[in-house]
Amino acid sequence: MTKGLNAFQLKMIGITLMVLDHIHQMWMLEGAPNWLTMVGRVVAPIFLFLSAEGFHYTRNRWGYFKNLLFGYWLMNIISFGLPRLVPNNDVVLMNNIFGTLLIGIILMWIYDLISEGIKEKQKNKLFKGIGILVGLLAYSIIILMFMGGNNAIVTLVAISIFPSLFAIEGGFLMAILALMFYIFREKRLWQFISLAAVALISTGFSTTDLFLVNIQWMMIFAWIPIYFYNGTEGKKMKYFFYLFYPAHLVILYLLATLI
């Protein structure tokens, strides 16, 4: 038997802690304990790490891209429609990790195109990678510039169709972390350094008091399960996460609203 954790087991750890984090989100005002969201800080890094592994091994990158995009659309529909069908003024439903994962794999794709273009001296790959990067940055900056004011509705529609680098769950640093996990796939020390750097930057390099209030630094504990990842896939449940993520949020939201 292979020692350590396979991808399926790592995903189950992430899903379990994610549910606890979202229980806190739904019942925070009713006194849900803070430790629920504290353990939830490790969830995003786990799934970003798995996305880097998945992107490396997949034989169908466009299929991976489309699955995340469809998931992103589904969550936007749920986040917009569900609170209007079943109002709850105590819960803001804005969860959409699919957008973060999608931007992350786009950055990985850009990295591959540029690095392969340079190594293989293929200008078409190099220019394609640079073009996609410039396009993503231009789109994201335009969205950021027109987020408020008279153009707010237009920008909201735009980011409902396609995520912006600067308007994703967890912020752009999470997408950068996904890229770092990918670049340093075979260098676990540098993966850890990348995780630690993002955790520290997310918290703000500030005082002990802030570290007690802003608990983003706790994402560094994601390294414990990631460290034990053994590189194997484990049990295959290809679409389980794509379905579980929106389903559990809908169920928790309805329970928090109706009970």
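Buried means under 20% relative accessible area. The views below come from a predicted model.

**View 1. A salt bridge between Asp21 and Arg41.** The closest N and O atoms of Asp21 and Arg41 are 2.9 Å apart. Asp21 has a relative accessibility of 13%, so Asp21 counts as buried. Arg41 is buried too, with a relative accessible area of 18%.

**View 2. Salt bridges around Lys125.** Lys125 forms a salt bridge with Glu116, the closest N and O atoms being 3.1 Å apart. The side chain of Lys125 also meets that of Glu120 in a salt bridge, at 3.5 Å from N to O. Shared partners join Glu116, Glu120 and Lys125 into one network. Lys125 is partly exposed, with a relative accessible area of 22%. Glu116 is partly exposed at 27%. Glu120 is partly exposed at 41%. The salt bridges in the model number 5.

View 3. Helix α6 (residues 123–145) gives the most, with 5 residues. Phe166 is found in the loop between α7 (152–161) and α8 (172–183). Phe166 is partly exposed, with a relative accessible area of 33%.

Terms used: Residues numbered from 1 in each chain as written. Predicted model: local features only at pLDDT ≥ 70, side-chain atom pairs only at ≥ 80, totals over all residues. Heavy atoms only, no water. Helix = DSSP H or I, 4+ residues; strand = E, 2+ residues; numbered from the N terminus. Buried < 20%, exposed > 50% of the residue type's maximum accessible area, 1.4 Å probe, protein only. Salt bridge = Lys/Arg side-chain N within 4 Å of Asp/Glu carboxyl O.
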